[in-house]
Amino acid sequence: MISRWFHQLGSPRYFYRFSGRLIPWLAVPCAVLMLAGLYQGLVVAPPDYQQGESYRIMFVHVPSAWMSLFIYMVMAGAGAIALIWHMKLAEVIAISSAHIGASFTFLALITGSIWGKPMWGTWWVWDARLTSELILLFLYLGVIALHNAIDDKRTAARATAILAIVGVVNIPIIHYSVEWWNTLHQGPTVTKFDAPSIDMRMLIPLLLMAVAFKLYYAVVVLMRARCELLERERNTLWVSELAESK
Amino acid sequence: MHPKRKKRLYLILLMVVGIGIGIGLALNAFNDNLMFFYSPSEVVAGEAPSGHPIRVGGLVSNGSVKRQENGLTVNFDVTDNAKTVTVEYTGILPDLFREGQGIVARGKLDDHGVFVADEVLAKHDENYMPPEVADALKTAHQEGVEGQAPGTAAQ
């Protein structure tokens, strides 16, 4: 039953229909959670004992940084599925994720920089955390560039999948960089074995924003994947039927 | 699983493990270079290279911050609770700079063992809490210390 549904989902035509119905169900909670998270974070949450009001940029910075890692794992996972099973849909998901991942990485770096200037006293330092996150941005850009450089979509998907999988080694390096080496960036607050060392009124908006960002990614990746699918399948029967019915 | 797919899966796993080991060895070899700063203990023990600029990171010792006459030059001690290095810095300090705060200073050791910094960055910790909670924690800590004091004196 589940495996049959999974096989069905792998068919571009079924996926196109299914994702079209799914998107509004993800977009509405995304908007609600993001508004709630921003309100809780910018209005309700108390100022920090050391950083005052400036710490509030973390409600964008931290979820962006989490997403930059999460999306990379999805992209590499989809790439591996595409390589092993030659599944078209996985190829489409992988390349559709790359642009969103690059955007979140860029957002994490920029917001971090804006946060760093007043708190640390510098826009940028070459410590292990910041450098490895910058390498992640270059990996995303490399995946996008490689995909654009190859005309045949299926060859391009295979080449980018290998690059994406090679880059996976950077993910644990980013996460553990603050523990393995001395860095200017502080250690983990939420993703550690101890209880999170953050006040509950600050943790709630942070988690709300994290879930909202995840939903945002789901919505946008589905939208991008639908476009990519239509372009790839433009010569098939189901796409021409779809075009005629509109 | 189809044997062909199984082969591809193993190839991918092999690739990830191989690259992981390679990068792991490389990072291990460059471990010292990846450290952003040295601790005062390392500097005192002479493990930090001399002659070119290094960074020293630690906590600003309580009561050690002294401003010189010209108003811009500051002296303070940086400690890792084992060893201490005296830092001299001329310039504007970051907002978070205060006694007890973690900082990272870049500069050189002079002949008298004073670390002359040309840049001081504040390092903030991973704890976030409202001021009243921080105050409550501080009061509770002080009460705890005062409550203990007679007992310690009696021993």
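Between which two strands of chain B does the loop with B:Asn81 lie? B:Asn81 sits between strand E3 (73-79) and strand E4 (84-90) of chain B. Before we go further, please keep in mind that this is a predicted model. Two chains are on show here, and 37 residues of chain B are in contact with 44 residues of chain A. Chain A comes to nine helices and zero strands, while chain B comes to four helices and six strands. Here is a friendly tour, chain by chain and then residue by residue.

**Chain A as a whole**

- Reading from the N terminus, the elements of chain A run α-α-α-α-α-α-α-α-α.
- The C-alpha trace of chain A spans about 60 × 35 × 30 Å along its principal axes.
- Of the 246 residues in chain A, 52% are buried.
- Among the contacts in chain A with a separation of 6 or more, 74% are between residues 24 or more positions apart.
- Chain A exposes about 11,700 Å², and carbon and sulfur atoms supply 70% of that area.
- On the charge side, chain A carries 19 positive and 15 negative side chains, and the centres of these two sets lie 7 Å apart.

**Chain B as a whole**

- From the N terminus on, chain B runs α-α-α-β-β-β-β-β-β-α.
- Chain B is more spread out than a compact globule, because its radius of gyration is 24 Å, well over the 15 Å that the globule rule gives for 155 residues.
- Along the principal axes, the C-alpha trace of chain B spans about 75 × 45 × 35 Å.
- Buried residues make up 29% of the 155 residues of chain B.
- For chain B, take the contacts between residues at least 6 apart in sequence: 44% of them join residues at least 24 apart.
- The accessible surface of chain B is about 9,700 Å², with 56% belonging to carbon and sulfur atoms.
- Chain B has 14 positive and 19 negative charges, and their mean positions are 22 Å apart.

**Where the chains meet**

- The size of an interface is often given as the accessible area lost when the parts come together.
- Between chain B and chain A, the buried area is about 3,600 Å², and carbon and sulfur atoms give 64% of it.
- On the chain B side, B:Phe36, B:His124 and B:Tyr128 lose the most area to chain A, together 21% of what that side buries.
- One residue to look at here is A:Trp180, which belongs to helix H7 (residues 170-180) of chain A.
- A:Trp180 counts as partly exposed, at 44% relative accessibility.
- Within chain A, the C-alpha atoms of A:Trp180 and A:Val32 are separated by 38 Å, and the two residues are 148 residues apart along the chain.

**Two glutamates of chain A**

- How does A:Glu228 count, buried or exposed? A:Glu228 is buried, since its relative accessible area of 14% falls under the 20% cut-off.
- A:Glu228 lies in helix H8 of chain A, and beyond its neighbours within four places in sequence it is in contact with A:Val92, A:Ile95, A:Ser96, A:His147 and A:Lys153.
- A:Glu233 comes in the loop between helix H8 (200-232) and helix H9 (237-245) of chain A.
- With a relative accessible area of 7%, A:Glu233 is buried too.
- Setting aside neighbours within four places in sequence, the contacts of A:Glu233 are A:Pro12, A:Lys88, A:Trp238 and A:Val239.

**Backbone angles to check**

- Most residues other than glycine have a negative phi.
- A:His86 is not a glycine, yet its phi is positive, at about 55 degrees.
- The loop that holds A:His86 runs between helix H3 (58-85) and helix H4 (88-119) of chain A, and A:His86 counts as partly exposed at 34% relative accessibility.
- To return to the opening residue, B:Asn81 also has a positive phi, near 70 degrees, in a residue other than glycine.
- B:Asn81 is exposed, with a relative accessible area of 67%.

Methods: Residues are numbered from 1 along each chain as its sequence is written. Chains are lettered from A and ligands numbered from 1 in the order in which they are written. This is a predicted model: local features need pLDDT of at least 70, side-chain atom pairs count only at pLDDT 80 or more; totals for chains, interfaces and linings use all residues. Side-chain values use heavy atoms; hydrogens and water are left out. The radius of gyration is taken over C-alpha atoms; the globule rule is 2.2 Å times the number of residues to the power 0.38. Buried means under 20% relative accessible area, exposed over 50%, partly exposed in between (1.4 Å probe, protein chains only). Contact means heavy atoms within 4.5 Å. Accessible areas come from the Shrake-Rupley method with a 1.4 Å probe; for residues, only the protein chains shown count as cover. Lys and Arg count as positive and Asp and Glu as negative; His and the chain ends are not counted. The place of a charge is taken as NZ of Lys, CZ of Arg, CG of Asp or CD of Glu. Buried area is the accessible area (1.4 Å probe) that two parts lose on being put together, summed over both.
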